[in-house]
Amino acid sequence: MSSNIPSSFKAFRIFDDEDGYRSSVVEQSIEDQNDGDVVVRVAWSSINYKDALAGTGQGKILRRFPLNGGIDLAGTVAESRSDRFKEGDEVLMTGCGLSETRDGGYAEYARVDSKWLVPLPEGLSLQEAMVLGTAGFTAALGLYRMEANGQTPEMGSICVTGATGGVGSLAVDMYSRAGYSVTAISGKVEEFDWLHALGAEQCISRHDLHWPESPLASAQFAGALDNVGGDTLSGLTRVIKPWGNIASCGMASGIGLHTTVMPFIIRGIGLLGINSAACPYSIREQLWQKLASDWKPRHLDSIADEPVDLEGLPERFGRLLEGGGRGRITVRLG
Ligand SMILES: NC(=O)c1ccc[n+]([C@@H]2O[C@H](COP(=O)([O-])OP(=O)(O)OC[C@H]3O[C@@H](n4cnc5c(N)ncnc54)[C@H](OP(=O)(O)O)[C@@H]3O)[C@@H](O)[C@H]2O)c1
């Protein structure tokens, strides 16, 4: 074993065995983790909705047990058998099986498969990379897919649902920086000032929203990033302008989708699926460059809540699943 890696370090591990589904902070060695050609000394990770589902057992995320939690990580290469990375390189990884099929980023050291590892782009610190994390990458992938399908700022406003959440708040900031007029839809009226400060031109309370029944209701938005699913996504299909796009990334309120073909064949709208975890490497690298430059949100300091350590994870998982948080939570390691 390399002298760069201590024989024992801390990890947040998730179990499902004869004692039931549970998670706790454990001491482990690198040999307890799955194989990989690079070991990262993790400096920062983050909390995403998926992490909260995995950590509490409220969603089936892990495909094998036990595994370390954490779908994101950023840190420094401690040991490498890859030609692409050497000791000391700063790197990040989001999704790509972390805390799903492989040990994740909630560990002081993580052994990973270098084919998914992204060099930290110039313009981002390790902590900023994790304020963004899967949430920021997902917001960027949403915009990338909408623009690839013809979306432009001139077409009109893009609506972001679940706007105070991790993906939502980063999208509000990022899309306004990219030149779009942004309409934020949120359940938290008390956060409207904050959403305006991030770049939202208009804020709408989700509690006052009544989606029209007509499949071709009066068109309100040129595009949408939907974190919510269910009735919200169904409603959005009815109010998107001709040739606009909906990037569907979340299901905070449900997985159902009840609509008709009318908006697709009469208005030509696009419904685009967002899968950040399995995004091809070439797009991944390209989007992290954008996230470090012209799509970098301007208010990361305001979006980032106080960091937590591994012991603080369970309490934050609960709050996040109740929909009560705002912005992003980073996890400090090392
Ligand atoms: N497809 C992908 O690759 C991908 C990647 C990352 C995340 N996601 C998904 O995207 C969604 C958001 O993730 P996140 O990490 O941003 O989570 P988050 O921080 O918990 O944000 C979710 C937000 O959704 C809103 N919300 C919560 N419960 C709701 C309900 N019952 N009805 C309507 N709105 C509700 C709340 O915002 P307001 O109070 O402001 O309305 C909440 O802050 C999750 O479903 C997650 O699984 C998907």
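Into which domains is the chain divided? The chain falls into domain 1 (9–120 + 304–332) and domain 2 (134–273), with bounds that come from an automatic or database domain assignment. The structure is a predicted model, in which local features need pLDDT of at least 70 and side-chain atom pairs count only at pLDDT 80 or more, while totals for chains, interfaces and linings use all residues. Residues are numbered from 1 along each chain as its sequence is written, and side-chain values use heavy atoms, with hydrogens and water left out.

An open sheet of 3 strands, with antiparallel pairing, has the order S2-S1-S4; helices (H or I, at least four residues) and strands (E, at least two) are DSSP runs numbered from the N terminus, and two strands pair if DSSP finds at least two bridges between them. At the edges of this sheet lie strand S2 (20–28) and strand S4 (67–68), each of which pairs on one side only. Strand S1 (residues 9–17) is joined to S2 in the antiparallel sense over 9 bridges, and Phe 9 has Gln 28 in S2 as its bridge partner. Helix H1 (residues 49–56) lies across S1 and S2 and runs at about 100 degrees to S2, where contact means heavy atoms within 4.5 Å and angles, from 0 to 180 degrees, are taken between the N-to-C directions of axes fitted to C-alpha atoms, for helices over the stretch in contact.

The loop between strand S6 (90–94) and strand S7 (109–112) holds Ser 99, a residue that has a positive phi of about 55 degrees although it is not a glycine.

A second open sheet is formed by 6 strands in the order S11-S10-S9-S12-S13-S14, with parallel pairing. Its edge strands are strand S11 (200–205) and strand S14 (270–273), each pairing on one side only, and neighbouring strands are turned by 20 degrees against each other on average, direction ignored. Strand S12 (residues 221–226) pairs with strand S13 (residues 240–248) in the parallel sense over 5 bridges, and Ala 224 stands opposite Ile 246 in S13. Helix H5 (residues 230–238) lies across strand S9 (158–161), S12, S13 and S14, and runs at about 155 degrees to S13.

The centres of the two domains, taken over C-alpha atoms, are separated by 29 Å, and 13 residues of domain 1 are in contact with 13 residues of domain 2. The area buried between them is about 860 Å², of which carbon and sulfur atoms give 53%; buried area is the accessible area (1.4 Å probe) that two parts lose on being put together, summed over both. Of the area that domain 1 buries against domain 2, Arg 326, Gly 327 and Arg 328 supply 53%, more than any other three residues.

Side chains of opposite charge can pair when their charged atoms come close. A salt bridge, defined as a side-chain nitrogen of Lys or Arg within 4 Å of a carboxyl oxygen of Asp or Glu, joins Arg 326 and Glu 191 (2.8 Å, N to O), and the count between domain 1 and domain 2 is 1 salt bridge.
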